[in-house]
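Open the model in your viewer and keep the selection panel at hand. The tour goes stop by stop.

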Amino acid sequence: GGGGGGRGGVHYGHIVSDPKVPPASLKAMFRDSSLAWDSQKGKSWRKQTSGQLSYQLELEGLKQSKKKVLEYSMALAEKKATAERLKPKMAYGDITPVNALAERRVFLDGWVEYKAGRQRERPKDPQFEYADAEAAGKIMVEYGKPRCALLDEAKRIMDLKRARYGDEGGYEAEAWGERVNIENSERIIQRYLEDHGVAEHVVIKWHDNLSTPSMTMSMSHRRAKGVLHLPRNPKNKHFRREWVQALLDHEVGTHFACAINDAHTGEYLRGTFSATFGQAHGGSQKRTVSQREALVTEEGLATLNTHMSARVKLLWGPALAYWTRWMGSQMGFSELFEALAPYVPELQRRWVQCYRCKRGLRDTGEKRALAKDQCYLEGAWKLLEGRRHLDFRLLHSGRIALEEYPDAKSAWLRFSQSCVRERTKLMVPHFLRTPGKYEEHLEAIAEANGVPARELPSERLRWADYH
């Protein structure tokens, strides 16, 4: 700047042969900016101090940085909007491949050719595409790796079902009763919603290409809205009388009840009346358990409630899901599909098992699996082990993981003795309304699956081991 003088024309750290001509290095600094390189605000560059030049350069750098941030934010917003538009509108849409139907058709056609001897090798592993591949991968990580603690128990239940009932058709007819059509299913669903006082809060949405039912929910302060997503195919196993009841006990009687009750009680159980909830977050009402820990308990409850109306209390579906997810972490899609043949002979249903196992991956040939569906058996097993000393009405009064249970129990005692409890309306599922009935159901399920009652979870299922 102007501070640089001397015969050699020393200027901003550079030697200039002609003090009237800006050095090339200084000119380059101004080249990509909106500034005139030879002057600033009518003041010749030769008369600016080094501090003034530094300020101008910093100012231009800041402008360029803000421009890049804005461009990045706009690109990110566009990416999110595109992903939201393409994402299937159902539960866990982020890990639902947008090309699942096309890949299923190609794979199953190839499998038929392979089994008929017209194709030498198994068909190639499906390659899934997602509306947002990054979001799908993140969900894979959130649920961790598949576990094998209950692998022997799962295999025992699977073999027991196969020995007693043969293929799936025999088991389903025995467990879930006669078939019902869509119209009768809707009437059963509507009566259930009305009985629980949530007919205005839950809507039914039918899908042509949905493999399994699910529920999506939106939460606001002390309010919940739910959408029950159902497959329209009348040949689907879900259109049996007891299964429709079981589905409602799972999605509405458990998930929706826990969600809407938590909207009313969460601030008290994790805040006002809690001795320890939220302390790790400076007194906030945030939960301190992982996504998987929270899901294990709630899906465990949902699994037990699903089997309340079942004529067969064997946890066949959860056992199959547990075993398949572990095996999926050891095999690619095509190999897993073949390994499942003895237990799921029907191709479409076998595809569903492998698909749910490998969703979240692009290349399903990877020896990895989405561990989420292991939560059904794992959660049910933990709850059954503790069935003699757990308060299941408390567990339905909000979103409470077993890891949070001791603190929630203490908070509930204080909450129940306060005047706030009288003003708090909770949704009570029908299966909890008759004293002693729920406990009888738990004993029947435990006996059918060989689950002993324990004072504490067995060592192999201690949650701390999974950190």
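How are α9 and α13 oriented to each other: roughly parallel, roughly antiparallel or roughly perpendicular? Two notes before the answer. This is a predicted model, in which local features need pLDDT of at least 70, side-chain atom pairs count only at pLDDT 80 or more, and totals for chains, interfaces and linings use all residues. Residues are numbered from 1 along each chain as its sequence is written, and side-chain values use heavy atoms, with hydrogens and water left out.

**Stop 1: α9 and α13**

Select residues 291–306 for helix α9 and 375–385 for helix α13. Helices (H or I, at least four residues) and strands (E, at least two) are DSSP runs, numbered from the N terminus. The two axes come within 7 Å and cross at roughly 75°. Axes are lines fitted to C-alpha atoms, for helices over the stretch in contact, and angles run from 0 to 180 degrees between N-to-C directions. α9 and α13 are therefore roughly perpendicular to each other (65 to 115 degrees; under 35 is roughly parallel, over 145 roughly antiparallel, the rest oblique).

Now show side chains. In α9, pick residues including L295, L301 and L304; in α13, the contacting residues include Y376, A380 and L383. Contact means heavy atoms within 4.5 Å. By class, this contact of α9 with α13 has nine nonpolar, four polar and four charged residues.

**Stop 2: α8 and α9**

On the α8 side, W243, H250 and C258 are among the residues in contact; on the α9 side, E298, A302 and T306 are among them.

**Stop 3**

Select strand β7, residues 223–231, with strand β5, residues 202–207. They run parallel, joined by six bridges. Strands pair if DSSP finds at least two bridges between them. Click V202: its bridge partner in β7 is G226.

S214 stands opposite H229 in β7. Zoom to the hairpin turn: two residues lie between β6 and β7, and R222 there has a positive phi of about 60°.

**Stop 4: G110**

Last, select G110 in helix α3, residues 100–115. Is G110 buried or exposed? G110 is buried, with a relative accessible area of 10% (buried is under 20%, exposed over 50%, partly exposed in between, with a 1.4 Å probe and protein chains only). Leaving aside residues up to four places away in sequence, G110 touches Q119 and P123. The C-alpha atoms of G110 and P123 are separated by 5.3 Å, with the two residues 13 apart along the chain.

Definitions and conventions
Ala, Val, Leu, Ile, Met, Phe, Trp, Tyr, Cys and Pro count as nonpolar, Asp, Glu, Lys and Arg as charged, and the others, Gly among them, as polar.
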